Amino acid sequence: MLDAVDAALMRALQGDGRATFQALADGVGLSRTAVRARVRQLVHSGAIRIVGVLHAGVVGMEVLGHVSFHVSGPVGPLLEALGEREAVTFAAQSAGRFPAVAQVRVADDGALTKELTDLRSLEGVDGAEVFRANAVFKDAHSSVRELRDIELDALDWRLVRQLLKDGRASYADLARQVGLSQAAARSRVVRLLNSGVVHVTALVEPSAVGANEQLGFGLRCRGDAEALGSALANMARISFLASGFGRYDIIGTLTAPDRCQLVEALESVRSAPGVGYVETWEHLSVRKERRGGERPVEWITG
């Protein structure tokens, strides 16, 4: 069972997966040795994975769409088909007005239009309603950050590949893997991190932190959706939040350890100033989940 210190360490590693053990120790008030042991146990137990996650813009996935499906017949075959599509980053069977929901990430609106055409033609789909995200305010699985202009060469991409496999690889190991000096490897990694190309973070197994209940929601607002999104992002139970246009003004995800706390969180959303209509859907079974800009290492060809 995770305690408050473990939870604090996971939050710190989500913010900076390459934080030194000393910095982590200073943050939780334990010795460096004790913190090192706790982090290793969190990784060994599967509670967290510390990996590099590419910015969505780097991998050509700047446009995010949320799709709600009308389905005839069983949902399973549709979920199987969604799971095989490269553009689909999340797919789940859901309870509510729509029996299946999915998120897609593509390069631009033209690619989104093409992907939606293909999705509507899948067997069992009677129709699809779409939300096109404009701004992501919160994503518990990938830091919301700015991508700066940067030229990447073959050595940069080799370092990225290593960070995707092991976000906490030492500079000595990284240097050895790519054929650089330790100082040169460090300089390049810092540049990749500061530019937003890659973010090293702890991907948390939901069951390890008691996030047993998950609820998607879409809402329409009165007034400024961007201002409302910024305000809602401060709510602890919201793990994902984006504004945009289409069926909703804002979509998000709530997570909680039990149904009672999930209801409390939903009530907090409903009572926020500016919130109008709210629609919810429960994720009954997640078929596919690829977080943020996470991609298979083999996909990186540079």
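## Around Arg247

Arg247 sits in the loop between strand 8 (238-246) and strand 9 (250-256); strands here are DSSP runs of E, at least two residues, and helices are H or I runs of at least four, numbered from the N terminus. With a relative accessible area of 18%, Arg247 is buried (under 20%; exposed is over 50%, partly exposed in between, 1.4 Å probe, protein chains only).

## About the model

This is a predicted model, where local features need pLDDT of at least 70 and side-chain atom pairs count only at pLDDT 80 or more, while totals for chains, interfaces and linings use all residues. Residues are numbered from 1 along each chain as its sequence is written, and side-chain values use heavy atoms, with hydrogens and water left out.

## Salt bridges

There are 16 salt bridges in the structure (a Lys or Arg side-chain nitrogen within 4 Å of an Asp or Glu carboxyl oxygen). One of them joins Asp6 and Arg38 at 3.0 Å, N to O. That pair links distant parts of the chain, with Asp6 in helix 1 (residues 4-15) and Arg38 in helix 3 (residues 32-44), 32 residues apart. Asp6 is buried at 10%, whereas Arg38 is partly exposed at 25%.

Arg85, Lys114, Glu115 and Asp118 form a network of salt bridges. Within helix 5, Lys114 and Asp118 are four residues apart, about one turn, and their side chains meet at 3.3 Å, N to O. Lys114 is exposed at 55%.
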